[in-house]
Amino acid sequence: MSFLSSLMTDDTFSIDQVKNRKSKDSRSMKLFKIVLADFVKDVLKPSWRQGNMSKEVFKTIIKKTVDKVSGAMKKHQIPKSQTKINHYIDSSQRKLTKLVMGYVDKYVKV
């Protein structure tokens, strides 16, 4: 019996339970998001140190980038180990940097 069908047979389920069940990431996805966020932070640090962006913009760009990249990946595409995650970041460095800089152009008012 699936999780959703078991909820439907029980009279005491809520939409929040279904949403929470769907929003939980796998352990490898959580690790991937952490490493990706660290990469984005490293890309943004020079602009941050120069005072070109607020804390809110800094956090927004990190969140948008991580959500966009992780959301575009299918479950079987998620790198499962630290080595594979590092390889993904290294091989996608140019594209990721371009994405981050696009968000910088969009959110940073110079």
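1. Basis of the model. Because the model is predicted, local features need pLDDT of at least 70 and side-chain atom pairs count only at pLDDT 80 or more, while totals for chains, interfaces and linings use all residues. Residues are numbered from 1 along each chain as its sequence is written, and side-chain values use heavy atoms, with hydrogens and water left out.

2. Confidence. The average pLDDT (the predictor's confidence in each residue, from 0 to 100) is 83 for the protein, and 77% of the residues score at least 70. In residues 1-22 the pLDDT falls below 50, and this stretch has 9 contacts in the model beyond near neighbours in sequence; a contact means heavy atoms within 4.5 Å. Where pLDDT is low, predicted coordinates should not be read in detail.

3. Overall make-up. The protein has 6 helices and 0 strands, and its pattern along the sequence is α-α-α-α-α-α. Helices (H or I, at least four residues) and strands (E, at least two) are DSSP runs, numbered from the N terminus. Of the 110 residues, 30% are buried, where buried means under 20% relative accessible area, exposed over 50%, and partly exposed in between (1.4 Å probe, protein chains only). Taking contacts between residues at least 6 apart in sequence, 70% join residues at least 24 apart.

4. Helix 3 against helix 4. Helix 3 (residues 27-49) packs on helix 4 (residues 55-72) at an angle of about 140 degrees, and the axes lie 9 Å apart. Axes are lines fitted to C-alpha atoms, for helices over the stretch in contact, and angles run from 0 to 180 degrees between N-to-C directions. That angle makes helix 3 oblique to helix 4; angles under 35 degrees count as roughly parallel, over 145 as roughly antiparallel, 65 to 115 as roughly perpendicular and the rest as oblique. On the helix 3 side the contact includes Met 29, Phe 32, Leu 36 and Trp 48, and on the helix 4 side it includes Phe 58, Ile 61, Val 66 and Val 69. By class, this contact has 12 nonpolar, 2 polar and 3 charged residues. Here Ala, Val, Leu, Ile, Met, Phe, Trp, Tyr, Cys and Pro count as nonpolar, Asp, Glu, Lys and Arg as charged, and the others, Gly among them, as polar.

5. Helix 3 against helix 6. Helix 3 also packs on helix 6 (residues 93-107), at an angle of about 60 degrees and with axes 10 Å apart. The two helices are therefore oblique to each other. Leu 36, Phe 39, Val 40, Val 43 and Leu 44 of helix 3 meet residues of helix 6 that include Leu 96, Val 100 and Val 104.

6. Two residues in helix 3. Phe 32 lies in helix 3 and counts as buried because its relative accessibility is 0%. Leaving aside neighbours within four places in sequence, Phe 32 is in contact with Val 69, Ser 70, Met 73, Pro 79, Ile 85 and Tyr 88. Ser 47, also in helix 3, is buried at 17% relative accessibility. Not counting residues up to four places away in sequence, Ser 47 touches Asn 52 and Met 53.

7. A residue in helix 5. Ile 89 belongs to helix 5 (residues 82-91) and is buried, with a relative accessible area of 8%. Ile 89 and Phe 39 are 50 residues apart along the chain, yet their C-alpha atoms are separated by 7.8 Å. Beyond neighbours within four places in sequence, Ile 89 is in contact with Val 35, Leu 36, Phe 39 and Leu 96.
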